[in-house]
Amino acid sequence: MESIAPLESLASLLQAGGKAAALTGAGMSTESGIPDFRSAGGIWDQFDPMEYAHIAAFRSDPEKVWQMLTELESIVLQARPNDGHRALAALERAGMLLGVITQNIDGLHQAGGSTTVVEFHGSGRTLVCLRCGARADAVSMRQQPRPPRCPSCQSIMKPDAVLFGEDIGADALRRANALVEACDVMLVCGTSTEVWPAAQLPQRARQRGALVYEFNLEACLPAPCVSERVLGPLGVTLPALVAEAGAT
Ligand SMILES: [Zn+2]
């Protein structure tokens, strides 16, 4: 790996008691077989998001939107955490990572062992009823006819993921901001942070004097936001950080 040097200084910071927070995106899960929705061959190549992933579309024609959601579910529910997810969990167990803010809906951080996870865009592993608010586990509902019906009121359920046109949950925003305020270093992993409001988190961290380390396959973050870049597959670079920090 070319850029191991930044890992040494980062590991030293964590060993000296510096606290990290992670912000993760689609690149975190590509090694788990979940293609970036925005990439070529991603789900938005097959389904126009405005037609299939907007809350207005769901409200007006949920049966149609569930064609896309069924595809999405089969990708998400079959995926397993990778070495990158497990590395962030190891940092948390070692007391070096305060928590993960993720833009992913796949639940793979929790599956990989992380306990403090802020799901900015909700979860694809839970279904929610828009009429009565009941929630259900997506895996246990998979055998039901599509679209799945609420066990309480028989309305069509929606994945508890944020669709276009829906707001980020206030609780997720509050918890994400608290992590940004508390961290000494932000690990931006597998995301270009183009999408608001995740985009502002590294900026906010920088403004309050935290370091920002970018872990990506290639440089994505604008230079003013970044202290150091660690480029390469996250399934390699994050375990290298764990080893360097002695967090195994
Ligand atoms: Zn209901």
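1. Both faces of strand S1 are covered, with Ala20, Ala22 and Thr24 buried on one side and Ala21 and Leu23 buried on the other; buried here means under 20% relative accessible area with a 1.4 Å probe, protein chains only. Because five of the five residues of S1 (residues 20–24) are buried, the strand is largely enclosed by the rest of the structure.

2. This is a predicted model, in which local features need pLDDT of at least 70 and side-chain atom pairs count only at pLDDT 80 or more, while totals for chains, interfaces and linings use all residues. Residues are numbered from 1 along each chain as its sequence is written, and side-chain values use heavy atoms, with hydrogens and water left out.

3. S1 runs parallel to strand S2 (residues 97–102), to which five bridges join it, and leucine 23 stands opposite isoleucine 101 of S2. Five bridges also pair S1 with strand S7 (residues 185–189) in the parallel sense, where methionine 186 is the bridge partner of alanine 21; pairing requires at least two DSSP bridges between two strands, and strands are DSSP runs (E) of at least two residues, helices (H or I) of at least four.

4. Helix H6 (residues 83–93) packs on helix H10 (residues 234–245) at about 20°, with the axes 7 Å apart; axes are lines fitted to C-alpha atoms over the stretch in contact, and angles run from 0 to 180 degrees between N-to-C directions. The two helices are therefore roughly parallel, a term for angles under 35 degrees.

How values were computed: Parallel < 35°, antiparallel > 145°, perpendicular 65-115°, else oblique. Buried < 20%, exposed > 50% of the residue type's maximum accessible area, 1.4 Å probe, protein only.
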